[in-house]
Amino acid sequence: FLSSSVGEASMLTSGVEIVSPLSFEVREHASQILQKVGDSTSNMVYAILFVGNKLVTLIQPLYQPHQMRMSDLHIFLNFVNRQALSSELWLPLCLPRLNSSGYLHCYAQYVERTTNLTLALVSQDSSIEQFQAFRTAAALIRRRLGIEIENDTVIEILDSSNDKDVKWRRNDSSGIEDDYELISYADDDEGPCQLLDQLVAIGESTYIEEES
């Protein structure tokens, strides 16, 4: 996928566009939130915040061979953005530069619909338990980013006895608040994260420029 809407120059030089202008302090704060939640979530390989095809931040292993290559990041962003992401997704994903013969599994969720801020958590584990762990982690990340958890349609697993064909349905409430003790973003050592406020401001600025 290559068009002027995502910037030809960035794609052709193997770079990935980032959300800009976003202050270093806000980006770093969001990264630390992903890092802290990732440290307490089993089997998490990558945690990614992005808006469309533009990256906000990426948390990945320190071990260089396991880090995501730019070409794989392009594949990842385009693949997830091509899905019908109404609330959340759980899907297999191949990153050929990392492993061309295997699959990772990606949990993706709209964190905030107005700005199209999306969170993706990636693991090598495809189990139902991993899916539930990522749902809980995503809710915690949202709260620490200062974004309220919405009651929305979510996936409910009905039968996981067959590893190749998991039966599921959507229900009307996540039930996340009953799964763990919510931690207020105001309790964070650095105070509330201003990521959403800056994304809204960037969006409004872009809209004004396009109109003019």
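## The salt bridge

A salt bridge is a side-chain nitrogen of Lys or Arg within 4 Å of a carboxyl oxygen of Asp or Glu. By this rule, the predicted model before you has a count of one salt bridge. Its partners are Glu88 and Arg135, with their closest N and O atoms 3.6 Å apart. The pair ties together distant parts of the chain, 47 residues apart: Glu88 sits in strand E3 (residues 88-93) and Arg135 in helix H4. Helices (H or I, at least four residues) and strands (E, at least two) are DSSP runs, numbered from the N terminus.

Are these two residues buried or exposed? Both Glu88 and Arg135 are buried, a word that here stands for under 20% relative accessible area, with exposed for over 50% and partly exposed for what lies in between (1.4 Å probe, protein chains only).

## How the model was read

Residues are numbered from 1 along each chain as its sequence is written, and side-chain values use heavy atoms, leaving out hydrogens and water. Since this is a predicted model, local features need pLDDT of at least 70 and side-chain atom pairs count only at pLDDT 80 or more, while totals for chains, interfaces and linings use all residues.

The average pLDDT (the predictor's confidence in each residue, from 0 to 100) is 77 for the protein, and 68% of the residues score at least 70. Residues 172-187 have a pLDDT below 50; in the model this stretch has 32 contacts (heavy atoms within 4.5 Å) beyond near neighbours in sequence.

## Helix H4 and its surroundings

Helix H4 covers residues 128-144, 17 residues in total, and spans 25 Å from its first C-alpha to its last. That is close to the expected 24 Å, which is 1.5 Å times one less than the number of residues. H4 is mostly covered, with 13 of its 17 residues buried. After H4 comes Gly146, with a positive phi near 85°.

Thr41, in the loop between helix H2 (24-39) and strand E1 (44-51), touches Ala133, Phe134 and Ala137, leaving aside residues up to four places away in sequence. Thr41 counts as buried because its relative accessibility is 11%.

## Around Phe76

Phe76 belongs to helix H3 (residues 70-81). Why does Phe76 count as buried? Phe76 is buried because its relative accessible area is 0%. Setting aside residues up to four places away in sequence, Phe76 touches Ile48, Phe50, Leu93, Leu95, Cys106, Ala120 and Val122.
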